[in-house]
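Please read this briefing with the sequence and the 3D view side by side, and find each named residue for yourself before moving on to the next topic.

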Amino acid sequence: LNLTKYVDSLPRIAKIRGYGIRHGRPVPIKLTIGMYSKTWQFHRDMPPTPVFVYGQSLQTATFPGPTIVARQGVPLAVEWQNHLPDAHILPWDPKVPTAIPKKGGVPTVVHLHGGAHPPEFDGHAFAWFTRDFAENGSTWTRKTYTYPNVQAPGNLWYHDHALGLTRVSLLAGLLAAYVIEKPELEDPMNLPCGDHDLHLVIADREFYTNGSISIDREWKPEYFGLVITVNGKAWPYLSVQRRRYRLRILNASNARYFNVTLSNGALPFTVIGSDSSYLSRPVTVSNLVLSPAEIFDVIVDFSRLPAAMTEIEMLNTAPYPFPNGPNVTDPNLDGKVMLFKVAGKGKVDDMPDKSKVPEHGVPYASVAALPPPTTTRYIVLYENQTAPGNLYINGLRLEDPVTETPKSGTTELWQVINLTGDNHPLHLHIATFQAIKMTKIEGFQVFKDCMIKNNNTATCNLDQHAVGPVVPVPEEEKTWKNAVKIPPEFMTSVVVAFRLVEANQPYPFDATTEPGFVYHCHILDHEDNAMIRPLKLLP
Ligand code: C2O
Ligand code: CU
């Protein structure tokens, strides 16, 4: 495929309001959102691509699906309906532990990524169901999920989570954004809004010449595509005015990391939030590194562009696998993401720009203000040697007995040790967390060999290996996140809060019920096979 770049304009993703209004006040509602099989035009010159997508109807379903805009404090009920055909449009590997219905159909289950909600609404990997709920997995209990939306305002997303199919079902298109708003807190910040506030959902794909998405049947450690799509278009462009825009950038790729700039730093990003939290104060940077599932909420001020410049590109320089992979992004291909066409000076504005870059963000409970960690856990990422190629956590699989059982309401310190050559995005369900430092593991090979043999951090003298140097966490990542990057050959210290960080209080619901939660690597190929473990909260 040889596609001309910047010929399709960036689609604006449709929004669905996740609450009703009665007597001028927001009230709970119930939505019905389906998963549909249809075709999608990823580029002007490409044949239509078969996709699986979310929408309120077949006609309105899109890649990515509609953005749900919920209100803090107003619960939202969603009946997720599966209208998918008898077989998946993409091949999957039966050697990977996978949900396989007896009567056929595509198993699906929806997870609200970044959401604080009880386990029964979490989209557990075994809580899958097929078309019309004809068949379901062992932990399925209900058709309708209710999201309490009690957490801080921020950027979440929803996507499929069925056992062993996450990588192919997201690749097919079952992914979309979700926003929790809190106007009392956000309106005074005076951020760019309306037409000047948009999502950029970035995802790489590989296509056959007939338009279908290409992925090997056999499981591979990472899926990479050379076509970069944003909001469902390959290398789109967006016409902008010379004013501030709020861009909510989500890396929804399976495995590709992005290190993005705006024309090599011609304009900076002012980061106001990451994942489901704001920063406590905005941070201005020239580049942003996004792991899969990571979100940066940024302000870009196009009025600062020199008058002579009318075009600015979003570029990517991340090697893959990240950060040491043998593959270098091609500056003419996957090194390009999208183009901003900036209106000429003087032609300018539909409206004067009254937005601001706020001086302060949202003051969450700091790490120090939370109850001190009750437990320190060692979470070790490495390849399992008896099942070569498989990536495990602490040498264990999802099916092995639960070992992470924090008490609901507490905080913990997770020392995440990466013995592989790649960066892995750590994602925990329900919790929010932040990395506080990264400590280099000295005598790496000795420690790694010992761990592979003994799988025990004490036997392998972790204390004598995790001795530095210490690398600080970038300022734009210092907030309560839902995905943190775990660099190779480091021990990353992560404070995990099993409570609401904005209010600094325990969850106002029971988080300890069955079937519990999971935590995993958000490289989807790793998550499926089998860098995923159960997480069970105790009372
Ligand atoms: Cu975004 Cu368990 O996933
Ligand atoms: Cu991984």
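**The copper site**

In this predicted model, three residues coordinate the copper ion (ligand 2), namely His424 through ND1, Cys521 through SG and His526 through ND1, at 2.0 to 2.1 Å.

- Read along the chain, the donors of the copper ion (ligand 2) follow the spacing H-x96-C-x4-H.
- The pair of histidines links distant parts of the chain, since histidine 424 belongs to strand 27 (residues 424–428) and histidine 526 to helix 5 (residues 524–528), 102 residues apart.
- Both histidine 424 and histidine 526 are buried.

**The nonpolar cores**

- In soluble globular proteins, nonpolar side chains tend to be buried together.
- In this model the largest nonpolar core has 93 residues, and the ones with the most contacts inside it are Trp80, Met314 and Phe340.
- Leaving aside residues up to four places away in sequence, methionine 314 touches a set of residues that includes Leu200, Ile202, Ile249, Val260, Phe269, Val337, Met338 and Phe340.

- Within helix 3 (residues 444–454), the buried residues are Phe444, Phe447, Cys450 and Met451.
- These four residues lie on the same side of helix 3, because they cover an arc of only 135° around its axis.
- The face of helix 3 that is turned away from this buried side carries Val446 and Lys453, which are exposed.
- On the buried side, the residues of helix 3 pack against strand 24 (375–383), strand 26 (411–418), strand 28 (432–441) and helix 4 (462–465).
- Just after helix 3 comes asparagine 455, whose phi is positive, at about 50°.

**The largest pocket**

- The largest pocket has a volume of about 480 Å³, and it is lined by 28 residues, of which Leu191, Pro192, Cys193, Gly194 and Asp197 lie nearest its centre.
- At least two residues of the lining of the largest pocket come from each of strand 6 (65–71), strand 11 (175–181), helix 2 (183–186), strand 12 (197–205) and strand 16 (244–251).
- Which strand gives the most to the lining of the largest pocket? Strand 12 does, with three residues.

**Cis peptide bonds**

- The peptide bond from phenylalanine 63 to proline 64 is cis, with omega near -10°, and proline 64 has its place in the loop between strand 5 (49–55) and strand 6.
- The peptide bond from glutamate 514 to proline 515 is also cis, with omega near 0°, and proline 515 is in the loop between strand 31 (490–497) and strand 32 (517–521).

**Positive phi angles in loops**

- Tryptophan 235 is not a glycine, yet it has a positive phi of about 45°, and it is found in the loop between strand 14 (233–234) and strand 15 (237–240).
- Is tryptophan 235 buried or exposed? With a relative accessible area of 2%, tryptophan 235 is buried, because the cut-off for that word is under 20%.
- Isoleucine 430 is not a glycine either, and its phi is positive at about 60°, while its position is in the loop between strand 27 and strand 28.
- Isoleucine 430 counts as buried because its relative accessibility is 5%.

Definitions and conventions:
Residues numbered from 1 in each chain as written. Chains lettered and ligands numbered in written order. Predicted model: local features only at pLDDT ≥ 70, side-chain atom pairs only at ≥ 80, totals over all residues. Heavy atoms only, no water. Donors = N, O, S within 2.8 Å, 3.2 Å for Na, K, Ca; no water. Buried < 20%, exposed > 50% of the residue type's maximum accessible area, 1.4 Å probe, protein only. Core = buried A, V, L, I, M, F, W, Y, C linked by side-chain atoms within 4.5 Å. Contact = heavy atoms within 4.5 Å. Arc of directions from axis to C-beta. 1 Å grid on protein atoms, 1.4 Å probe; cavity = no way out; pocket = protein on both sides within 12 Å on 5 of 7 lines; lining within 4 Å. Points joined across faces, edges and corners; volume = space filled by probe spheres on them.
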